[in-house]
Amino acid sequence: MRAHVTMRTLRRARVFFSGLRTRMVLVFLALAVLSALAAAVLIYSEARSRMLDRTQTLLIDEFRARVETHTENLAEPLGKAALQQLANRVAPGFLGATGTVVYKGGEAVSSRRTDVPLSSALRIRVTDSKNLHYERVLVDDMPYLMIGTPVMRGTSPSGLEVYLTMPLTKEQSIDVALGEAARNAILPVLTLAVVLALLAAHSVLRPVRALDRAARALAQGRLDTRLAVEGGDELARLAQTFNTTAAALESSVAELRAMEAKARQFVADVSHEMRTPLASMVTVADVLDEEAGRLPGDVADAARLMNTEVGKLATLVEDLMEISRFDAGAVALNPAEVDVAGEIGAALRRRGWAGAVSTQLEEKVMLHLDPRRFDLIVANLVGNALRHGAPPVTVRLARGLNVIVEVADRGPGLAPESLPHVFDRFYKADSARSRSAGSGLGLAIARENALLHGGALTAANRPGGGAVFTLTLPVNAGLDDR
């Protein structure tokens with residue numbers, strides 16, 4: 001049970017994720033995520049770069065100005081006290097600087113203690129190039145800006161170098177805030193993307209759903225179904241094409257139905273008009289058949305042949321009238337509570353088949369059915385088995401969830417290509433299963449009568465040889481075996 005529920009859940013999930021609405025929403029979300037991420041990254045990168053460049057430029061300009069101001073009037077010789085004084089003047093209140101270092105000939109004097117070591121790479125560049133240099137470093141996850149410049153005497157270096165170490169704490173907090181703002185901006189963008197995707201999916205799927213409903217209605221036979229054409233886009237053209245196709249189909253079906261109705265009426269009229277002359281012909285043929293013994297040889301044979309063929313013609317006309325009533329929907333049941341086994345036995349005795357057919361009939365199977373139409377079904381099936389099959393012909397009656405009547409023979413059976421068509425009107429199988437002795441409508445009428453009772457009639461081949469026809473009738477609710 002759990003596996004069944006899991007499989008059903010998986011099928012539903014597969015259908016959901018393969019739906020057009022879901023795919024459109026997912027595409028919108030993917031585009032929104034990519035767009036939001038790209039925009040957030042670009043904005044964050046640009047804002048961070050501009051912020052750092054602005055801070056860096058401000059610090060460098062301020063540092064250069066202070067160094068130039070406090071080294072302009074330095075008196076020689078420069079001792080340790082003078083270097084300490086220079087470092088102290090550059091550092092105080094300098095935007096939160098953690099340390100200032102003055103170098104002279106490898107000797108360093110610091111204005112304050114700092115745990116951040118000066119970058120050796122920066123010192124090398126400043127010493128070698130005799131120009132101001134800077135670099136950003138990360139120490140214990142804290143960003144720092146380090147600036148270094150030589151002290152010049154005119155155009156010549158004085159041998160002094162001044163370095164500043166500046167923590168970028170404020171800039172780091174701004175950087176974090178920018179990142180959080182960029183991340184937080186994605187959520188409303190995604191929400192807006194979902195809303196827009198749903199609106200777009202609704203606008204696209206609304207005509208698609210209308211087309212689906214219209215197609216279903218058309219398949220159910222409501223050929224007057226049409227779609228409202230709105231706008232001039234592809235969906236509007238599709239709706240117009242559907243309407244044109246539906247109109248053409250309705251016209252064609254109406255024409256076919258009219259032709260079919262005329263054909264049915266023609267068959268019914270011809271069959272009805274032929275009944276009276278056929279009755280006279282049957283009477284005359286019977287008289288001639290009775291007198292055939294006193295007629296000359298060829299005339300006697302002709303009289304007997306005419307009697308046989310007139311009988312076939314009368315059967316054909318009766319069957320045509322019966323099938324035309326089915327086509328016109330003018331057939332009604334006259335049900336009665338009957339003993340099914342008794343009805344089968346009576347049908348066999350009326351036609352003199354009791355000795356030629358073996359029966360296996362469950363007793364006291366009571367059903368509400370039309371006795372005359374049930375008799376026609378049994379007569380057609382047994383007569384078909386006797387004419388085209390081989391003995392023994394067996395009729396079996398059993399009751400379970402449904403009432404089953406099987407008519408089987410031991411003949412050559414039905415050709416595989418004939419099985420789907422045995423209940424078609426006027427269908428002729430091969431010569432071994434020829435139906436020339438009947439009207440060609442017997443099995444079709446038997447099947448129509450089975451359907452009229454709410455049952456079914458099927459044909460198959462027996463594993464040991466021969467054909468078997470199975471009549472299935474539903475057990476009437478509230479009717480007990482008696």
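Predicted model: local features only at pLDDT ≥ 70, side-chain atom pairs only at ≥ 80, totals over all residues.
Local features here need pLDDT of at least 70, side-chain atom pairs count only at pLDDT 80 or more, and totals for chains, interfaces and linings use all residues. Residues are numbered from 1 along each chain as its sequence is written, and side-chain values use heavy atoms, with hydrogens and water left out.

**View 1. Glu135 and Arg125 form a salt bridge.** A salt bridge means a side-chain nitrogen of Lys or Arg within 4 Å of a carboxyl oxygen of Asp or Glu, and by this rule there are ten salt bridges. For Glu135 and Arg125, the N to O distance is 3.3 Å. Glu135 sits in strand E3 (residues 133-139) and Arg125 in helix H4 (residues 120-129), so their contact ties together parts that are ten residues apart in sequence. Helices (H or I, at least four residues) and strands (E, at least two) are DSSP runs, numbered from the N terminus. Glu135 is buried at 16% relative accessible area, while Arg125 is partly exposed at 32%; buried means under 20%, exposed over 50%, and partly exposed in between (1.4 Å probe, protein chains only).

**View 2. Arg216 pairs with Asp212 in a salt bridge.** Here N and O are 3.0 Å apart. Both residues belong to helix H5 (residues 169-219), four residues apart, or about one helical turn. Arg216 is exposed, at 53%, and Asp212 is partly exposed, at 38%.

**View 3. Arg226 and Glu250 form a salt bridge.** Their closest N and O atoms are 2.7 Å apart. Arg226 lies in the loop between H5 and helix H6 (234-291) and Glu250 in helix H6, so the pair ties together parts 24 residues apart in sequence.

**View 4. A network of salt bridges links Arg350, Arg351 and Asp375.**
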